[in-house]
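Please keep the sequence and the structure in view while reading.

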Amino acid sequence: MTDARLRHGRASLALSFCAQGIAFALLVTRIPAVQDRYGISDGVLPAFLAAVPVLAGVGSVATEKPAKRVGPGAVPRWSQLVVLLALIGVAAGRDIWHAAVSLGVFGLAVGALDASMNMLGVGLQRAYRRSIMLGFHAAYSLGGIAGASLAWVGAHFGRSLLVLYLPVVGLLLPVTLLGSRWYVDVPAEGERDPVAASVPRVPATVAGMSGRALLMWDEAVTGYDFGPSHPMDPVRLALTMGLVRAYGLDRAMDVVAAPPAGESTLRLVHRADYVAAVRAVSADPGSADGSYGLGTMDDPAFAGMHEVSALIAGQSVGAAEAVWRGDAAHAVNFAGGLHHAMPGAASGFCIYNDPALAIARLLELGAERVAYVDVDVHHGDGVQAAFWDDPRVLTVSLHEHPRMLFPGTGWPEETGGQEAEGSAVNVALPPGTGDAAWLRAFHAVVPELLADFRPQVLVTQHGADTHFEDPLAHLAVSLDAQRMVQDACHSLAHEYVEGGRWVALGGGGYAVVDVVPRSWTHLVGIAAHAPVAPESVIPASWRDEVYARTRQLGPGRMTDGREASWREWEAGYDPADRVDQAVLATRRSVFPLRGLLA
């Protein structure tokens with residue numbers, strides 16, 4: 001399909017959305033005039049007004065199957081005509097029954113038009129491979145403003161409904177009919193069920209490389225619960241797994257549970273006295289006094305703390321072992337990513353540092369180069385500290401500036417110990433950093449470092465707290481940009497990592513309904529080579545689960561509607577831009593230590 005045809009299809013559909021907005025606004029804003037013309041009493045008027053959206057819903061539902069059979073482009077050509085003629089019918093009727101019939105036809109046609117135009121819009125999104133629906137909704141809103149303005153002019157000058165509607169309909173009819181010639185139908189893949197369609201088959205070349213991806217999951221990880229007032233609500237894990245299942249991703253990969261990390265594994269990173277302290281407060285939470293970071297506001301003690309923390313760590317270690325053995329190229333543990341825990345202390349909602357334990361286990365198994373990329377809004381201080389003097393591990397963290405946010409570390413000058421200079425990389429971003437700048441920073445630093453380091457395994461941490469809705473931080477990143485970075489990590493694993501070995505972890509994220517489940521479901525889909533379409537409507541079964549668990553309404557789609565993009569670093573550096581300043585500070589601090597040009 002040519003770019004020109006897609007552009008024409010997009011323009012013609014935007015025109016139809018605009019015309020629909022005009023027609024609807026002309027009707028709604030002149031309701032008093034309709035009431036006066038037909039002598040509709042105040043008692044009967046609500047029934048007339050309620051009938052229109054109800055019939056629109058009926059029209060929308062009734063249109064879906066026929067539109068799939070004949071193609072959604074055929075439906076709006078005629079439903080647009082019916083909507084505009086029904087508008088004339090409302091203005092020209094002789095009695096209340098004429099008005100009722102015209103309004104009923106108007107409602108049914110509006111529903112059919114709305115359903116078919118949204119099908120066309122979603123199809124165009126598939127062709128464009130990015131979200132464009134917000135543009136159509138903006139066109140509808142602009143049409144509504146224009147229609148309301150015309151209605152005000154008509155009312156101000158005392159024009160009748162027919163005198164107002166006739167010239168508008170006379171203009172819109174030929175324009176929309178002509179524009180409909182350029183509608184573009186982009187068929188869904190095999191016209192499958194929408195949920196099944198979001199789980200495409202794994203290409204034979206990928207499946208033949210190293211088998212299906214792994215999802216590490218044990219329901220018991222939801223026991224990682226600091227209490228009802230704590231921001232790290234374990235419902236985010238349950239809802240993520242629920243959304244994974246709703247999209248059928250659990251059938252696109254192997255879901256397995258690893259055993260908890262044992263004493264010897266925990267000791268790869270954590271001190272013996274610290275592990276003993278965790279065991280003690282786990283058995284008796286009341287004994288926690290703040291020592292070892294246990295029993296603080298960030299890390300309150302709870303019964304079973306050691307057991308569930310070791311279980312989460314075990315999933316990350318198990319993922320690393322499976323990827324190293326070649327059982328799978330990719331493995332995901334979205335319950336993991338607890339990157340703040342130190343060798344001898346809990347910190348920042350983290351008890352055991354599962355990313356560091358997974359990396360340490362890889363080194364124990366013989367890995368010589370492991371890269372860790374952390375895109376959580378908070379600096380990955382615990383992982384950096386664990387491998388500060390180890391040149392076998394490259395740690396890269398993109399985070400909000402330490403001057404503004406916990407843990408107060410992650411300055412660009414932190415580049416590794418004397419035995420491993422250049423092995424720690426920190427990009428400290430200013431508050432308010434949005435999609436374009438965040439993506440630019442990632443691509444200006446990470447790919448070049450991985451190309452130079454050539455890791456044998458890539459471990460990534462995908463905290464969702466960079467999102468603009470997150471209550472604990474100050475970046476302004478969308479779900480769409482988070483998905484793009486997840487996809488970039490996947491691509492980088494295949495490009496620069498031996499065997500494509502990739503272990504992907506969760507992390508922070510405190511918008512536990514609207515953001516975290518969607519972000520990590522995208523991560524799971526990408527790892528499974530079954531990416532979820534951003535524009536896909538979230539299954540109603542999951543939204544029911546959200547309400548049952550939280551009494552909140554869940555989001556409707558797998559996108560924030562952003563068209564995330566970035567400017568390549570090679571395109572030039574803006575010395576006045578704070579994100580460019582941050583990127584340059586990192587490159588100047590680290591790149592020369594690795595023999596790279598800053």
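Helices here are DSSP runs of H or I with at least four residues, numbered from the N terminus. The model is predicted. In it, the loop between helix H12 (272-283) and helix H13 (305-325) contains glycine 290.

Is glycine 290 buried, exposed or partly exposed? Its relative accessibility is 30%. Buried means under 20% and exposed means over 50%, with partly exposed in between, so glycine 290 counts as partly exposed. Leaving out residues up to four places away in sequence, glycine 290 touches Gly295 and Thr296. Alanine 346 is 56 residues from glycine 290 along the chain, and the C-alpha atoms of the two are separated by 9.8 Å.

The unreviewed UniProt entry places the feature "domain: Histone deacetylase" at residues 230-524.

Strands of a sheet pair through backbone hydrogen bonds, either parallel or antiparallel. Here 8 strands form an open sheet with parallel pairing, in the order S2-S1-S3-S8-S7-S4-S5-S6. Strand S2 (254-256) and strand S6 (424-429) are the edge strands, each pairing on one side only. From one strand to the next, the twist averages 15°.

One pair within this order can be followed residue by residue. Strand S7 (residues 457-461) and strand S8 (residues 502-505) run parallel and are joined by 4 bridges. Valine 459 has valine 503 in S8 as its bridge partner.

Notes:
Residues are numbered from 1 along each chain as its sequence is written. This is a predicted model: local features need pLDDT of at least 70, side-chain atom pairs count only at pLDDT 80 or more; totals for chains, interfaces and linings use all residues. Side-chain values use heavy atoms; hydrogens and water are left out. UniProt positions are given in the numbering used here, feature names are shortened, and annotations may be inferred rather than shown by experiment. Helices (H or I, at least four residues) and strands (E, at least two) are DSSP runs, numbered from the N terminus. Buried means under 20% relative accessible area, exposed over 50%, partly exposed in between (1.4 Å probe, protein chains only). Contact means heavy atoms within 4.5 Å. Two strands pair if DSSP finds at least two bridges between them. Axes are lines fitted to C-alpha atoms, for helices over the stretch in contact, and angles run from 0 to 180 degrees between N-to-C directions.
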